[in-house]
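Please view the sequence and structure first.

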Amino acid sequence: MTEHFWMMAGIQAAQLFCLAAGFVLRKMGIVTDPLRDGLSVLMLDLFLPCMTLSSFPQELRSGQAASVLLTVGVSAALCVLCLGLGRLLYGRKPPARGKILRYGTMIPNAGFAGLSVMQDAYGATGVFYASMFVIPIRVFLWSFGVALFTGVRGSGRLRNMLLNPCIAAVYIGAVRMVFRLPVPGFVDSAVSSIGNCCTSVSMLFIGAVLADADLSGLFSRDILGFALVRLAVVPGITFLALHWLPLDGAVKAASVILMGMPIATTATVLASQYGADAGFASQCMFVTTLLSMVTIPLWAALL
C-alpha cells in the first residue's frame, strides 16, 4: 500500500505542479484570453485525438479477444450507471454547475492520469486493459457528455459524436488493432509525441482558468460532496459489482482504479467552450486531484 501511495502521489504531484504553473502564468498575464481559448481548441481537436489514437495497442494478443469484449462491456455498463446516478444526484442543480457535476460523475480522468497509473502499477497488461476500458468512456464523453453542455439531442447528438475528432481516433485505432494495419514508425512517433502533450497542456489550461475563479469556494459543500461521489461512491459501486465476478485481475484493477480517478480535465475545457462555469469545473478538478492522492492508493490496496 505504501508503494502505491507514493507512486500515485508522484503522478498527481506532477499534475498539480503543471496546474500551479498555469495559475501563475495567468496571474502574470502571460496566458492571455486568446491564448487560453486557443489551448482549449487544440486540446479538443488535436491533443486529445492523438492521445486517444496512441492508446490503442497495435494488435490484439492471442486469447485476449474475450477479455477485451468483457472489459468494454463492463465499462459501457458503468458509464450507463453513472449517467443515471449523475442525473439523480444533480438533475435539479443550476445548469451552469449541474452540467459539470453530471459530466464529472460519468467521466473520470481515465485517459490523462489513469493510463499512467496502470502502467506503473500493473505494467503492459494493465495498460492494455485500461486502453480497452476507456473506449466506452470516450464514446460517452463525446456523445452524452458533450450533449450536457451543448443541449444537442437526438440525431444532432449522434452526428456530433460520429464526426468528433476523438471518436474518429477511436475508429482508426480500433480498425488498426483488429486488422493489424501497418503504419510507418514516424507516424506512430509523431502521434504519440503530440498526444503526450495532453496532460501537461490540459493542466496548464486548468490552472489558467482557476486563476480567474473564486478560491474562497474551493472546499465548498457542493465540491466536497461531488468529490465523495467521484472518488468513493463510483469506485465503491464498481468494486462491489465486480468483486464476485470471475474476471481477470487486471480487468478488475482497471475498472476500479479508472472509475475512481478525479473528474476528467475535459470538463473545464468543455465548460469554457460552451458557457458553463469553467471556474467551478477547475475547482472540482483541483480538489478531486488533490484528494485522489489518498483515495487511489487505498483502492489499489483492496484489489
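## Basis of the report

The model is predicted: local features need pLDDT of at least 70, side-chain atom pairs count only at pLDDT 80 or more, and totals for chains, interfaces and linings use all residues. Residues are numbered from 1 along each chain as its sequence is written, and side-chain values use heavy atoms, without hydrogens and water.

## The surface patch

I237 lies in helix α10 (helices are DSSP runs of H or I with at least four residues, numbered from the N terminus). I237 is partly exposed, with a relative accessible area of 32% (buried means under 20%, exposed over 50%, partly exposed in between, with a 1.4 Å probe and protein chains only).

Together with L81, L228 and V233, I237 forms a nonpolar patch on the surface, with about 310 Å² of accessible area in total. Such a patch joins nonpolar side chains within 5 Å, from residues with over 30% relative accessible area and no salt bridge (a Lys or Arg side-chain nitrogen within 4 Å of an Asp or Glu carboxyl oxygen). Helix α10 (residues 221-243) gives the most to this patch, with three residues.

## Cysteines

The whole structure has zero disulfides (pairs of cysteine sulfur atoms within 2.5 Å). For C79, the nearest cysteine sulfur is that of C82, 6.8 Å away. C79 is buried, at 0% relative accessibility, and C284 is buried at 0%.

## The nonpolar core

The largest nonpolar core has 83 residues, of which L48, I100, Y103, I107, W142 and F149 touch the most other members. Helix α5 (residues 110-150) supplies the largest share, 16 residues. A core here is a set of buried Ala, Val, Leu, Ile, Met, Phe, Trp, Tyr and Cys residues joined through side-chain atoms within 4.5 Å.

Conventions: Patch = residues over 30% accessible without salt bridge, like charges linked within 9 Å, V, L, I, M, F, W, Y side chains within 5 Å. Areas by Shrake-Rupley, 256 points an atom, 1.4 Å probe, with all protein chains shown as cover. Helix = DSSP H or I, 4+ residues; strand = E, 2+ residues; numbered from the N terminus.
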